[in-house]
Number of protein chains: 2
Amino acid sequence: MGQKNKILDCTIRDGGLVNNWDFSIEFVQDLYNSLNESGVEYMEIGYKNSPKLLNASEPNPWRFLDDNFLKEIIPEKKFTKLSALVDIGRVDPNDILPREESILDMIRVACYAREVDKGLELVQMFHELGYETTLNIMALSSVPEHQLIKAFEMVKDSPVDVVYIVDSFGSLDPSDIAHQVKKFKEMLPNKQLGIHTHNNMQLAFANTLSALQNGVTFMDSSVYGMGRAAGNCHTELLVSYIQKSNYEIKPVLGFIEKHMLEMRQKWEWGYIIPYMISGVLNEHPRVAMAYRKSDDRDKFVNFYDSVTSPESNVSPSSK
Amino acid sequence: MGQKNKILDCTIRDGGLVNNWDFSIEFVQDLYNSLNESGVEYMEIGYKNSPKLLNASEPNPWRFLDDNFLKEIIPEKKFTKLSALVDIGRVDPNDILPREESILDMIRVACYAREVDKGLELVQMFHELGYETTLNIMALSSVPEHQLIKAFEMVKDSPVDVVYIVDSFGSLDPSDIAHQVKKFKEMLPNKQLGIHTHNNMQLAFANTLSALQNGVTFMDSSVYGMGRAAGNCHTELLVSYIQKSNYEIKPVLGFIEKHMLEMRQKWEWGYIIPYMISGVLNEHPRVAMAYRKSDDRDKFVNFYDSVTSPESNVSPSSK
């Protein structure tokens, strides 16, 4: 561990999957300032997908980031760099300004292992526009080995700066992470690696520590863990526990005190039994998320039966 | 990992530190039946300390276990064995029946490293009465090495069955646990080892997995994590994740559904910022617990300042 490690806070981006990006401007500004003062290196301020491609009927500033709007929100860039995530097929490359005209420093591309070729086309484009780039390979826990090896072959020759291991289902444990990181390091010796975890089994922080010990340098996290379903590794744990001279816990504590308790009252994420179950079963949390919105939300045995019975609605393709 | 691993559920004992053992008889009976059906090997049904020695003015059946009462509560012993915890100086050896007259199978002795000699005297006595015994060395994260080595010398020659590593402050991470387990194994090759974790930094489950991988066979946990302050490793995570043919998750899920959501509404434990801070600082949670009972309970920055300032009330002796 040491000075080369970097935290990327994705509270707005992944947390937006919890509350449909219902964040006030004050919330986002306070978060930016807190992360700055805490020495967090990157803040992912949302998605830069295309409202047209997603047939969006309503504005959603943190889902469809706009450079002019962002410059109003963050009139003065400080220590913390800004990133945005894009999805394959949902981003319009024409929406992306050259980096010198944008407030964004980094564009991250999320993709499944089977579509890495498409992900790398976007990476190439954003790289040529001057951005730092990452490729976030989702749902790693259910990628067949041969597909991953094919993906590595393509990634090796791309200009991507960081390749992320993404435990989308929160189903990996620290030994699994160590194993994956070693494989990634061996196959991609010229790339930096990143880790993005979910907390279904309360292993998000431990998995991040395991990744770090095995050579990952980029750690995703969110404040108070706010992220889809079980949420992510907690930013406050990283800034208080990881040894790096510029990390300070107090600004993040102040932000939690001011904003996150209320947010957690209003919206649900974290260690919740159906999410734990989907983690253990290595399933996408979408079935559990729908269940939590039903009247049966607290019928855990019933949920377990429904997702493990042979007639389960959880089709193999959702894995 | 394998068939020799054992889970010891301490919901009643450690959870009693949260709610002053305000558990209904139905709760305890339902828990016993659920643990049985889930294949959990041991249930710690309370403390067997002396009401006289603790100057107790009120009855407290799970804090001051009584064999006659227990036999009424659990008229039929099943698969799950029963254990009780005692503290040095708080247990009256005259209260302990010979094992064949008791419903208890195991007596565990909690002690600090500096008083291992006294702990082992009790172990010897309970061993001679026929019980399985454990010695639980508390606050391991702040024991000086020389004191631990002295303790090991005494433990080696005792009849104790299991020696527990207890992360009382929830301040250890999986690497620390691996290091400690290796040391214990090296110094105590003829003893089984146990692990008792706290969840201040959301590492209780990960630390338990780390202990298991390094050779520990007894794992403490509590249902829904109910235990002092940040609570313990969750029983439902162990029975769903640990590979052992007899573990079943559904009975524990049913118990959570029936009892634990309501319990958690009424009483507080788990990942809560002041407990996270005391874990990071390797402090006893008592200051944080008092703070959570004050009007300032959610003023996290203020709490952090108060426990880290040079004039802090947290005296070194509390470490």
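Two residues are said to be in contact when their C-beta atoms, placed from the backbone, lie within 7 Å of each other. The legends below describe close-up views of a predicted model.

**View 1. The contact between chain A and chain B.** In this predicted model, 28 residues of chain B are in contact with 28 residues of chain A. The elements of chain B that contribute two or more residues to its side of the contact are helix H6 (174-187), helix H7 (204-213), helix H8 (235-241), H9, helix H10 (273-280) and helix H12 (300-308). Helix H9 of chain B gives the most to this side, namely 6 residues. Sorted by class, the side of chain B that touches chain A consists of 18 nonpolar, 5 polar and 5 charged residues.

**View 2. The relation between the copies.** Chain B is superposed on chain A by a rotation of 180° with 0.0 Å of shift along the axis, at an RMSD of 0.0 Å. The two copies are thus related as by a two-fold rotation axis. Of the interface residues of chain B, 100% are also interface residues in chain A, so the copies meet through the same surface.

**View 3. Helix H12 of chain A against helix H9 of chain B.** The axes of H12(A), residues 300-308, and H9(B), residues 250-266, come within 8 Å and cross at roughly 145°. On the chain A side, the contact is made by A:Phe300, A:Val301 and A:Tyr304. H9(B) contributes B:Lys250, B:Leu253, B:Gly254, B:Ile256 and B:Glu257. By class, this contact of H12(A) with H9(B) comprises 5 nonpolar, 1 polar and 2 charged residues.

**View 4. The domains of chain A.** Chain A is divided into domain 1, residues 6-266, and domain 2, residues 273-318. The centres of domain 1 and domain 2 of chain A, taken over C-alpha atoms, are separated by 26 Å. Domain 1 of chain A supplies 10 residues to the contact, and domain 2 of chain A supplies 11 residues. On the side of domain 1 of chain A that touches domain 2, there are 4 nonpolar, 5 polar and 1 charged residues.

**View 5. The barrel of chain A.** In chain A, 8 strands close into a barrel in the order S1-S2-S3-S4-S5-S6-S7-S8, with parallel pairing. Neighbouring strands of this sheet are turned against each other by 25° on average, direction ignored. Helix H6 of chain A, residues 174-187, lies across strand S6 (162-166) and strand S7 (192-196) of chain A. The helix runs at about 155° to S6(A).

View 6. Strand S2 (residues 42-47) and strand S3 (residues 81-87) of chain A run parallel and are joined by 4 bridges. Within this pairing, A:Tyr42 stands opposite A:Lys81 in S3(A), and A:Glu44 has A:Ser83 as its bridge partner in S3(A). Together with helix H3 (residues 67-73) of chain A, S2(A) and S3(A) make a right-handed β-α-β unit. S3(A) also pairs in the parallel sense with strand S4 (residues 106-111) of chain A, over 5 bridges. There, A:Ala84 is placed opposite A:Ile107 in S4(A).

View 7. The barrel of chain B is closed by 8 strands in the order S1-S2-S3-S4-S5-S6-S7-S8, and the pairing is parallel. From one strand to the next, the twist averages 25°. Strand S1 (residues 6-9) and strand S8 (residues 218-221) of chain B run parallel and are joined by 4 bridges. B:Asp9 stands opposite B:Ser221 in S8(B). Helix H1 (residues 11-19) of chain B packs on the sheet, where this helix touches S1, strand S2 (42-47) and strand S3 (81-87) of chain B. The direction of H1(B) makes about 40° with that of S2(B).

Methods
Residues numbered from 1 in each chain as written. Chains lettered and ligands numbered in written order. Predicted model: local features only at pLDDT ≥ 70, side-chain atom pairs only at ≥ 80, totals over all residues. Domains from an automatic or database assignment. Nonpolar A, V, L, I, M, F, W, Y, C, P; charged D, E, K, R; others polar. Pairing = 2+ DSSP bridges. Right-handed = clockwise from strand over helix to strand, strands pointing away. Axes fitted to C-alpha atoms, helices over the stretch in contact; angles between N-to-C directions. Least-squares fit on C-alpha atoms with pLDDT ≥ 70 in both.
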